[in-house]
Amino acid sequence: KIAAGQARVVEWESIKDDLPPELKISPLALVPHKSRKFRAILDLSFRLRLQSGEVAPSVNEASEKAAPRAACEQLGHVLNRIIHAFAEADEDAKIFMAKFDIKDGFCLLDCAEGEEWNFAYVMPQEEGQPIRLVVPTSLQMGWIESPPFFCAATETGRDVAEDYVEAPVGSLPEHKFEKYTAGSTAYNELPPTATGTLQYLVEVYVDLSP
């Protein structure tokens, strides 16, 4: 995550005398995962009891619900929509299906500057070592607002792609990467590396501010 720019590490000594306003520290849990031994998830419902006896609210309790609620309305209805689409198709129609799993989808959505401190946790380390905090810079699994924000972004991307598909051929302005699409001469000139190949042709920008 650090190499990908999705988290950074800070030493507690460097911030303890001037704490970020949004700083909250949550415990880290490791849960079994189908494709690897475990997945790390923050317990963002954890409430911290202070030495004074007061209880600090959890990240989820302190979160203002700003994501569009309607973004999650279609969850649980996908199968019915697929069956309906099949039933409406011509009997001799050839139907092609595809399912895409966006790996670490929440981590592809960045936090607003300063808000990333809500997702901090203590890095496990040997006794005697300086205390270090991991500060993720993207949305996290376990945050109540991650699903609706993610759904809003992905559904917007789908809507933009559908508009492009339905647009008459030749009516759209040339895309800056269009010359690198498969079948063009320039595509064969790309270097044979993962970073050199075209991965994204549709660019989507979503303003998630309230």
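Predicted model: local features only at pLDDT ≥ 70, side-chain atom pairs only at ≥ 80, totals over all residues.

Me: What is the mean pLDDT of the chain?

Reply: The term pLDDT denotes the predictor's confidence in each residue, from 0 to 100. Here the chain has a mean of 80, and 83% of its residues reach 70 or more. Over residues 194-210 the pLDDT is below 50, and beyond near neighbours in sequence this stretch has 26 contacts in the model; a contact means heavy atoms within 4.5 Å.

Me: How many helices and strands does the chain have?

Reply: Helices (H or I, at least four residues) and strands (E, at least two) are DSSP runs, numbered from the N terminus. The chain has three helices and seven strands, and along the sequence they follow the pattern β-β-β-β-β-α-α-β-β-α. Confidence is lowest in strand β4 (residues 48-49), with a mean of 78, and highest in strand β7 (residues 132-136), with 93. Among contacts between residues at least 6 apart in sequence, 59% join residues at least 24 apart.

Me: Which strands form an open sheet, and in what order?

Reply: Two strands pair if DSSP finds at least two bridges between them. In this model three strands form an open sheet in the order β1-β7-β6, with antiparallel pairing. The edges are held by β1 (7-11) and β6 (121-122), each with a single partner strand, so one side of each is left without a neighbour in the sheet.

Me: How many bridges join β1 to β7, and which residue is the bridge partner of V9?

Reply: Five bridges join β1 to β7, and these strands run antiparallel. The bridge partner of V9 is V134 in β7. V134 is also the bridge partner of Y121. β6 and β7 pair in the antiparallel sense over two bridges, and V122 stands opposite L133 in β7.

Me: Why is β7 described as largely enclosed by the rest of the structure?

Reply: Burial is judged by relative accessible area: buried means under 20%, exposed over 50%, and partly exposed in between (1.4 Å probe, protein chains only). Four of the five residues of β7 are buried, so this strand is largely enclosed by the rest of the structure. Of the 210 residues of the chain, 23% count as buried.

Me: Is T137 buried or exposed, and what does T137 touch?

Reply: T137 is found in the loop between β7 and α3 (146-166). T137 counts as buried because its relative accessible area is 18%. Leaving aside residues up to four places away in sequence, T137 touches G5, Q6, A7, R8, D110, C111 and E116.

Me: Which residues touch the most other members of the largest nonpolar core?

Reply: A nonpolar core is a set of buried Ala, Val, Leu, Ile, Met, Phe, Trp, Tyr and Cys residues joined through side-chain atoms within 4.5 Å. The largest has 16 residues, of which L44, F119, L139 and W143 touch the most other members. Its largest share, three residues, comes from α3. Apart from this core lies another, of seven residues, including I15, L23, A120 and V135. As for L44, residues that it touches beyond four places away in sequence include V59, F119, M141 and W143.

Me: How many salt bridges does the structure hold?

Reply: A salt bridge is a side-chain nitrogen of Lys or Arg within 4 Å of a carboxyl oxygen of Asp or Glu. The structure holds seven. In one of them, E13 pairs with K16, with the closest N and O atoms 3.1 Å apart; E13 is exposed at 51% relative accessibility, while K16 is partly exposed at 36%. E22 forms a salt bridge with K24, where the closest N and O atoms are 3.8 Å apart.

Me: Where in the chain do R47 and E61 lie?

Reply: The salt bridge between R47 and E61 has its closest N and O atoms 3.3 Å apart. This pair links distant parts of the chain: R47 lies in the loop between β3 (38-42) and β4, and E61 in helix α1 (residues 59-62), 14 residues apart. R47 is partly exposed, at 48% relative accessible area, and E61 is partly exposed, at 47%. Salt bridges that share partners also join R158, D159 and E162 into one network.

Key: Residues numbered from 1 in each chain as written. Heavy atoms only, no water.
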